[in-house]
Amino acid sequence: MQQILAAYEIPSRVLDIGLGGYFGQGSQTALQVRSQDQWTALLLLSAPEDDEPS
C-alpha cells in the first residue's frame, strides 16, 4: 500500500499501533498520510467498484 501511495507522490509512514486483538500474531500497524492527501489515498487504496448494472 505504501508503494502505491509513493507512486503518486503521496508521503506516508507506517505506525505500530500495538498488539490489539491479534495477540500472538505480531503487532497491528496503520498507514498514516497527511490530512490533505487523505481522500486521494482512500480512493487509491479502496476496492474498485463493479461496473455491472444492478
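I began with the side chains of Arg-34 and Asp-37, which meet in a salt bridge at 2.8 Å from N to O, the criterion being a side-chain nitrogen of Lys or Arg within 4 Å of a carboxyl oxygen of Asp or Glu. The structure holds one salt bridge.

I note that this is a predicted model, in which local features need pLDDT of at least 70 and side-chain atom pairs count only at pLDDT 80 or more, while totals for chains, interfaces and linings use all residues. Residues are numbered from 1 along each chain as its sequence is written, and side-chain values use heavy atoms, with hydrogens and water left out.

**Entry: the two partners**

Is Asp-37 buried or exposed? I find Asp-37 buried, with a relative accessible area of 11%, whereas Arg-34 is partly exposed at 41%; buried means under 20% relative accessible area, exposed over 50%, and partly exposed in between, with a 1.4 Å probe and protein chains only. Arg-34 lies in the loop between strand S2 (28–33) and helix H2 (38–45), and Asp-37 lies in the loop between S2 and H2. For these elements, helices (H or I, at least four residues) and strands (E, at least two) are DSSP runs numbered from the N terminus.

I then looked up what else Asp-37 touches, leaving aside its neighbours within four places in sequence, and found Ile-10 and Pro-11 in contact with it, where contact means heavy atoms within 4.5 Å. For Arg-34 I have a C-alpha to C-alpha distance of 8.2 Å to Ile-10, with the two residues 24 apart in sequence.

**Entry: Leu-5**

Leu-5 has its place in helix H1 and counts as buried because its relative accessibility is 0%. Which residues does Leu-5 contact, leaving aside its neighbours within four places in sequence? I list Ile-10, Ser-12, Leu-31, Val-33, Ala-41, Leu-44 and Leu-45. I also looked up the C-alpha atoms of Leu-5 and Thr-40, which are separated by 9.1 Å and belong to residues 35 apart along the chain.

**Entry: the surface patch**

Ile-4 is found in helix H1 (residues 2–7), and is partly exposed at 40% relative accessible area. Together with Met-1, Tyr-8, Val-14, Leu-31 and Leu-45, Ile-4 forms a nonpolar patch on the surface, with about 570 Å² of accessible area in total. Patches are made of residues with over 30% relative accessible area and no salt bridge, like charges being joined within 9 Å and nonpolar side chains (Val, Leu, Ile, Met, Phe, Trp, Tyr) within 5 Å. Accessible areas come from the Shrake-Rupley method with a 1.4 Å probe, and for residues only the protein chains shown count as cover.

**Entry: a backbone angle**

Glu-9 is not a glycine, yet has a positive phi of about 60 degrees. I place Glu-9 in the loop between H1 and strand S1 (12–18), where Glu-9 counts as exposed at 71% relative accessibility.

**Entry: the chain as a whole**

The protein chain has two helices and two strands, in the pattern α-β-β-α when read along the sequence. Buried residues make up 7% of its 54 residues, and the chain exposes about 4,900 Å², of which carbon and sulfur atoms supply 52%. Among contacts between residues at least 6 apart in sequence, 30% join residues at least 24 apart.
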